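Student: I am new to this structure. Please take one part and walk me through it closely.

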Amino acid sequence: MPQVDEHLIDDDIDTSAWDGVPIRLRAAGLRWTPQRRTLVDVLREHQGHVTATELISRCRERDQTTTPSTVYRTLDVLEEFGLVAHGHGHDGREEYHVLPGETHGHLYCEACGRQWEIRPETGAAIVDALAADLGFEVDLSHVTISGHCQGCHD
Ligand SMILES: [Zn+2]
Ligand SMILES: [Zn+2]
Ligand SMILES: [Zn+2]
């Protein structure tokens, strides 16, 4: 199983999706401000997972005037555009997938603190089983499943 550090994302990922953000923001009635530009620049250089706290501090390194509320509001809009997708870590804090690709779940070991991504095939088996049993449509990428890894439950 791949650990979270090795993402299921291609190295040659296409970042051109960010180019349309200023136009889409304006179409949504929002201004293209220096703070928003800084956030998009930070996201463009990022792959995989990032927490909002990390994003805010990286934006602040470039632009001292960045406020958390602007970052959160802009992330909400970028999520509507499909450019980021939020999930929750084992402690409930928000984590963002940048340019989310294939839906995948996350596992967290309560003993050693390591995290893994659930392979899409394995995730699909879980999702399909719950759909067949309860007709429930699970959003596996939204939560982190806690437990004990192979090395820790022996
Ligand atoms: Zn949520
Ligand atoms: Zn463990
Ligand atoms: Zn993930």
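Tutor: What follows starts with the whole chain and then settles on one helix and its surroundings.

Keep in mind that this is a predicted model. The chain has 6 helices and 6 strands. Read from the N terminus, the elements go α-α-β-α-α-β-β-β-β-α-β-α. Of the 154 residues in the chain, 16% are buried. Take the contacts with a separation of 6 or more: 57% of them join residues 24 or more positions apart.

Now to the part itself. I have picked helix H3, residues 52-62. We can look at its sheet, then at its helix partners.

Start with the sheet. H3 lies across strands E1 and E3. The helix runs at about 80 degrees to E1. E1 and E3 belong to an open sheet of 3 strands, in the order E1-E3-E2. The pairing in this sheet is antiparallel. Strand E1 (48-51) and strand E2 (84-88) are at the edges, and each has a single partner strand, so one side of each has no neighbour in the sheet. From one strand to the next, the twist averages 35 degrees.

Look at the pairings one by one. E1 is joined to strand E3, residues 94-98, by 4 bridges. These two strands run antiparallel. Thr51 has Glu95 in E3 as its bridge partner. On to E2. It pairs with E3 over 5 bridges, again in the antiparallel sense. Here Ala85 stands opposite His97 in E3. E2 and E3 form a hairpin with 5 residues between the strands. In that hairpin, Gly92 has a positive phi near 90 degrees.

Next come the helix partners. Two packed helices are described by the angle between their axes and the distance between the axes. Take helix H4 to begin with. It covers residues 68-80. H3 and H4 pack at an angle of about 120 degrees, and their axes are 10 Å apart. That angle makes H3 oblique to H4. The crossing is right-handed. Which residues make the contact? H3 supplies Ala52, Leu55, Ile56 and Cys59. H4 supplies Pro68, Val71, Tyr72 and Leu75. By class, the residues of this contact are 8 nonpolar, no polar and no charged.

Then there is helix H2, residues 34-44. The axes of H2 and H3 come within 9 Å. They cross at roughly 115 degrees. H2 passes H3 in a right-handed crossing. Thr38, Leu39 and Val42 make the contact from H2. From H3 come Leu55, Arg58, Cys59 and Arg62. How do the residues of this contact divide by class? There are 4 nonpolar, 1 polar and 2 charged residues.

Another open sheet has 3 strands, in the order E5-E4-E6, with mixed pairing. Strand E5 (115-117) and strand E6 (144-147) are its edges, each with a single partner strand, so one side of each is left without a neighbour in the sheet. Neighbouring strands here are turned by 25 degrees against each other on average, direction ignored. Strand E4, residues 106-109, pairs with E5 in the antiparallel sense over 3 bridges. Leu107 has Trp116 in E5 as its bridge partner.

One last stop is Val138. This residue sits in the loop between helix H5 (120-134) and E6. Is Val138 buried or partly exposed? Val138 has 17 C-beta neighbours inside 10 Å, so it counts as partly exposed. Setting aside neighbours within four places in sequence, Val138 is in contact with Val127 and Leu130. Val138 and Pro68 are 70 residues apart along the chain, and their C-alpha atoms are separated by 30 Å.

Notes
Residues are numbered from 1 along each chain as its sequence is written. Chains are lettered from A and ligands numbered from 1 in the order in which they are written. This is a predicted model: local features need pLDDT of at least 70, side-chain atom pairs count only at pLDDT 80 or more; totals for chains, interfaces and linings use all residues. Two strands pair if DSSP finds at least two bridges between them. Axes are lines fitted to C-alpha atoms, for helices over the stretch in contact, and angles run from 0 to 180 degrees between N-to-C directions. Two residues are in contact if their C-beta atoms, placed from the backbone, lie within 7 Å. Angles under 35 degrees count as roughly parallel, over 145 as roughly antiparallel, 65 to 115 as roughly perpendicular and the rest as oblique. A crossing is left-handed if the near helix is turned anticlockwise from the far one by less than a right angle, and right-handed if clockwise. Ala, Val, Leu, Ile, Met, Phe, Trp, Tyr, Cys and Pro count as nonpolar, Asp, Glu, Lys and Arg as charged, and the others, Gly among them, as polar. A residue is buried if 20 or more other C-beta atoms lie within 10 Å of its own, exposed if 12 or fewer, and partly exposed in between; C-beta atoms are placed from the backbone.
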